[in-house]
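I opened the model to look up a few local features. My entries follow in the order in which I made them.

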Amino acid sequence: MTLDTTTASAVAAASTESRWRRHAWQYGPAVTIVVVALGLWELLIRVLDVPRFLWPAPSLIVATLRDDAGPLAGHSWTTLREVLLGFLIALTAGLVIGVLLHLSETLRRGVLPILIASQSVPTVVLAPVLVLVMGFNIGPILAVIALFCFFPIAVNTIDGLSSVDREYVRMMQTLDASRRSIFRRVEFPSALPFIFTGTRIGATYAAIGAVFGEWAGSDGGLGWLMIQAKGRLDTPLVFAAVAIITSMAVSLFLLVALVERLTIPWARSRGGRMK
Amino acid sequence: MAAERPWTAPPVNAGSGVTDSSITIEGVRQVFGDTVALDGIDLHIRMHTRLGIVGPSGCGKSTLLSNIAGLVEPSAGSVAIGRATTAKERLARCALMPQKDLLLPWRSALDNACLALENRGVHRRAARERARPLFERFGLAEFEEHMPAQLSGGMRQRVAFLRTLMAEKDVFLLDEPFAALDSITRASMQEWLLGALTQEPKTALLVTHDVDEALLLTHHVVVFSARPGRIVHKLDTDFPTNVPRREIVTSPEFAHLKEQALEALEV
Ligand SMILES: Nc1ncnc2c1ncn2[C@@H]1O[C@H](COP(=O)(O)OP(=O)(O)OP(=O)(O)O)[C@@H](O)[C@H]1O
Ligand SMILES: [Mg+2]
């Protein structure tokens, strides 16, 4: 009994340890670079005695995050809500449009070139126009975020759906599959790795989209706060807001990556399967 | 052998008498760009008989199966299954086991085997219950929930075979169905197939590289030439199914037929 528990806990400890080692190996280099860069940054600012309104040291940004935690939290919540909503709109629109364009050849030929061309329209310039059209509310902000994120999701959905191995489709045809069944059981699942790639890219754009949207017209949020702080030459607060925005983008990216791991575990072992 | 019914549901056409499932192939020619894959293929396969096809690699054996199944319309000539002449009608009559297993990597072995039933609107749970007993029969018990990536090549091939079986069609087109199996498993699968097809006859085409397999499992064997594939030799086999395999393989008749087939393959 005692022996059993010891062995079990030893095994558990061993597997925890190996998991740690794997994580360290995976994230270690990035963490090291960030830590070294922050250290150098701190050092340079102190040695060269750079004024705080020009370029604040990391320690000062952390202090700002702590001292202004109350207002920062409120604005962060505003922005986070926009980011999540805008991203969900982009995800839905990207999937729906991607699927529609896949299903209809006519639609694809008519709409896809326009979609691609539309990407050269600078969304940043479009934002104030959107405010004029949609009014001074959350609408234009969500629209800007959605415009930022939508394209990689839609394009990857189309690519994924059309890149399915025709041999699988033929196999399904010999098994009495309808068009619908082929879509549901073959095309969509095999497009999922592509769709997740597009979604991960889209996720990294969502936060920056929210900042641009807020710059064009808003009365709160981290983007709005940045403009206010800049006006007061409160550069440490600008940097604090940037730090939060960045961590939002990274978190959303990691969230999508986690969902991807959980929903399509087969995609990771795919390389190993091929003979 | 086993008294169990290999097909869990009666054929679709039971009741209205038996639908003609003979296959008639006339002047089939298949061209891919500059490649002539098949040329001048004429074949008639009587209903419920089994035909073996052997021939060198690249001579168009898989192509002929696609032509028959209606996946690819031949460049010239015609194929009919009973009265079904259009590609679409033929597709509905045939179960094709492709040369590659083509298991869907996101479905477990059992769910892969259930594809045909699910396509026909059977609920997943019901479909799984129907497929499960066959997993045991084919030595796949306990691997039902494994993903294809976790299966060996031979296991994958057996799952693909099961998937074809579950389509419950009256024409069977098997493209090297047992090529990835070790000789013992292969012999057992061959025996099972022979038993099943004797008990519930179907029109079947068996493409294989293994002359022994063709001779043992079918009524007639055709030998294809190298590309463009033409029929260079026909053999009638039809060994009794109730005699042990060992006796057949060592009989002089078998040796004679095998020699003929190998000789035809060499030209
Ligand atoms: N879809 C296709 N497009 C172009 N060429 C093709 C296509 N399918 C088959 N071929 C060609 O037709 C010829 C016959 O191919 P097929 O797959 O039928 O041969 P096979 O007899 O089944 O060979 P193996 O024994 O190696 O499986 C080959 O030369 C192949 O390159
Ligand atoms: Mg072949």
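I began with helix 8 of chain A (residues 179-216), which has 38 residues. Its end C-alpha atoms are only 45 Å apart, short of the 56 Å that a straight helix would reach; the expected span is 1.5 Å times one less than the number of residues. Helices are DSSP runs of H or I with at least four residues, and strands are runs of E with at least two, numbered from the N terminus.

I then found a kink of about 45 degrees at A:Leu192 in helix 8 of chain A, shortly before A:Pro193. The bend is the angle between axes fitted to the seven residues ending at a residue and the seven starting there.

I noted that this is a predicted model, where local features need pLDDT of at least 70, side-chain atom pairs count only at pLDDT 80 or more, and totals for chains, interfaces and linings use all residues. Residues are numbered from 1 along each chain, chains are lettered from A and ligands numbered from 1 as written, and side-chain values use heavy atoms without hydrogens or water.

Next I looked at the magnesium ion (ligand 2), which is coordinated by B:Ser62 (OG) and B:Gln99 (OE1) at 1.9 to 2.2 Å. Donors are N, O and S atoms within 2.8 Å of the metal (3.2 Å for Na, K and Ca); water is not among the atoms, so the site may look incomplete. B:Ser62 lies in helix 1 of chain B and B:Gln99 in the loop between strand 5 and helix 3, so the pair ties together parts 37 residues apart in sequence.

Last, I checked cover: 8 of the 9 residues of helix 1 of chain B are buried (under 20% relative accessible area; exposed is over 50%, partly exposed in between; 1.4 Å probe, protein chains only). B:Ser62 is partly exposed at 28%.
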